[in-house]
There are 2 protein chains.
Amino acid sequence: MAGAISIKCKSRSKCFWATRERLSCYALESAHATDNPKKAIDRADALFIGGGNTFRLLKALQDRELLEPIRRKVKGGAPYIGSSAGSNVAGPTIKTTKDMPIVQPRSFDSLGLVPFQISPHYLDPDPNSTHMRETQEERILQFLEENETPVVGIREGAWILIENGAVMLKGETGARIFRRGQAPVDVKTGAEISGLVGGPNGN
Amino acid sequence: MAGAISIKCKSRSKCFWATRERLSCYALESAHATDNPKKAIDRADALFIGGGNTFRLLKALQDRELLEPIRRKVKGGAPYIGSSAGSNVAGPTIKTTKDMPIVQPRSFDSLGLVPFQISPHYLDPDPNSTHMRETQEERILQFLEENETPVVGIREGAWILIENGAVMLKGETGARIFRRGQAPVDVKTGAEISGLVGGPNGN
């Protein structure tokens, strides 16, 4: 039985509880419930960060100085599982989150475990909507007006597996990939996407 | 004819163009298109900030040092009109925007022309949705876990008029008011809401 560490900020996240239930066969220790989360990270075999508010999560990781220990652990080979906010913080910054900025982290820089931005809960534009606010696609295109990092919009039901140097799209619903100066591309489950977004080592 | 000043960040905002058309009877000067936006603000009779990305707008206002000149102008009696991002920055902070944090402003503090947060494009929860991400109501309740400032969620088609010390809800669709530790309240058009959210002078 592997020991996994779960890192979670205060939240009523649906994703967190759903994933936690699936991980119940592992000995789970919660970083937010220990006195010394750095040591908890050190002794874990795998890391899981669930959902919640991405700004609060990143601020908690910064305030507790956990970004570097997590990066080190993952670089050393420990598997990292992120869902929702936990996938937002896996990218270089949290600049493609859809969460409200309810607290102010000192920087938007996050774990940078992958060289691309993840925008989870990707929702395709509704052509019949009369709502004036921008769609997720329009927001991501705004991001690319200011930033060069590719973005993967992951639909509900899809996920990314990074293993042995490959970046694979898994699940059922596919993803939409956005790159500066290029038309967005729809990718289907099973696709290897490192050619589009960069590999796990940033190449 | 009054001279109005329009302040806009780079954007393809729908709200901006719609409002600009309605203001076409005024001599409009665009702050973002002048060499000296502070002077343009000084000589204007009224201010209008349209939509776009709220983080980029606030960063532009900070970088060009326009927050204090605008506050001063409005304190001196000049009317302020804000739509979408322009209403987000009218509150004490941008912590209730739904925009993506595509750039990092040095602080989330904004104009503070009113003592309450505005969350425009308020969308009521869809009970049939199977989407995992949080609703706007859930996000605002997260904000209230971390902050004490009341929040007005303004539905499309509603707006707030502050005049002669009164805070009036206008338009057709109403608003939902959120306060820490209290159940959300739906308010209808015509309601005077300063008792719920505070008056224009923060009392």
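In the hairpin of strands S7 and S8 of chain B, which has two residues between its strands, B:Asn164 takes a positive phi near 50 degrees. The strands of this predicted model are DSSP runs of type E with at least two residues, while helices are runs of type H or I with at least four residues, and both are numbered from the N terminus. Residues are numbered from 1 along each chain as its sequence is written, and chains are lettered from A and ligands numbered from 1 in the order in which they are written. In this predicted model, local features need pLDDT of at least 70 and side-chain atom pairs count only at pLDDT 80 or more, whereas totals for chains, interfaces and linings use all residues.

**The hairpin of chain B**

- Strand S7 (residues 158-163) and strand S8 (residues 166-171) of chain B run antiparallel and are joined by six bridges; two strands pair if DSSP finds at least two bridges between them.
- Within this pair, B:Leu169 of S8(B) is the residue opposite B:Ile160.

**Chain A as a whole**

- Chain A contains seven helices and ten strands.
- Of the 203 residues in chain A, 44% are buried (20 or more other C-beta atoms within 10 Å of the residue's own, the C-beta atoms being placed from the backbone).
- Two residues are in contact if their C-beta atoms, placed from the backbone, lie within 7 Å. Among contacts in chain A between residues at least 6 apart in sequence, 65% join residues at least 24 apart.

**The four-stranded sheet of chain A**

- Four strands of chain A form an open sheet in the order S5-S6-S9-S10, with mixed pairing.
- Strand S5 (117-122) and strand S10 (185-187) of chain A are the edge strands, each with a single partner strand, so one side of each has no neighbour in the sheet.
- From one strand to the next, the twist averages 25 degrees; axes are lines fitted to C-alpha atoms, for helices over the stretch in contact, and angles run from 0 to 180 degrees between N-to-C directions.
- S5(A) pairs with strand S6 (residues 151-155) of chain A in the parallel sense, over four bridges, and A:Ser119 stands opposite A:Gly153 in S6(A).
- Helix H6 (residues 136-146) of chain A lies across S5, S6 and strand S9 (175-178) of chain A, and runs at about 165 degrees to S6(A).

**The corresponding elements of chain B**

- Chain B has an open sheet of four strands in the order S5-S6-S9-S10, with mixed pairing.
- S5(B) and strand S6 (residues 151-155) of chain B run parallel and are joined by four bridges, and B:Val152 in S6(B) is the bridge partner of B:Ile118.
- Helix H6 (residues 136-146) of chain B lies across S5, S6 and strand S9 (175-178) of chain B, at about 165 degrees to S6(B).

**How the two chains are related**

- Chain A is superposed on chain B by a rotation of 180 degrees with 0.0 Å of shift along its axis (RMSD 0.0 Å), using least squares on the C-alpha atoms of residues with pLDDT of at least 70 in both copies.
- The two copies are therefore related as by a two-fold rotation axis.
- In chain A, the C-alpha nearest the axis belongs to A:Lys98, 3.3 Å from it.
- Both copies use the same surface, as 100% of the contact residues of chain A recur in chain B.

**The contact between the chains**

- The contact takes 27 residues from chain A and 27 residues from chain B.
- On the side of chain A that touches chain B, helix H1 (14-22) and H6 of chain A are the elements that give two or more residues.
- The largest share of that side, four residues, comes from H6(A).

Methods: A residue is buried if 20 or more other C-beta atoms lie within 10 Å of its own, exposed if 12 or fewer, and partly exposed in between; C-beta atoms are placed from the backbone.
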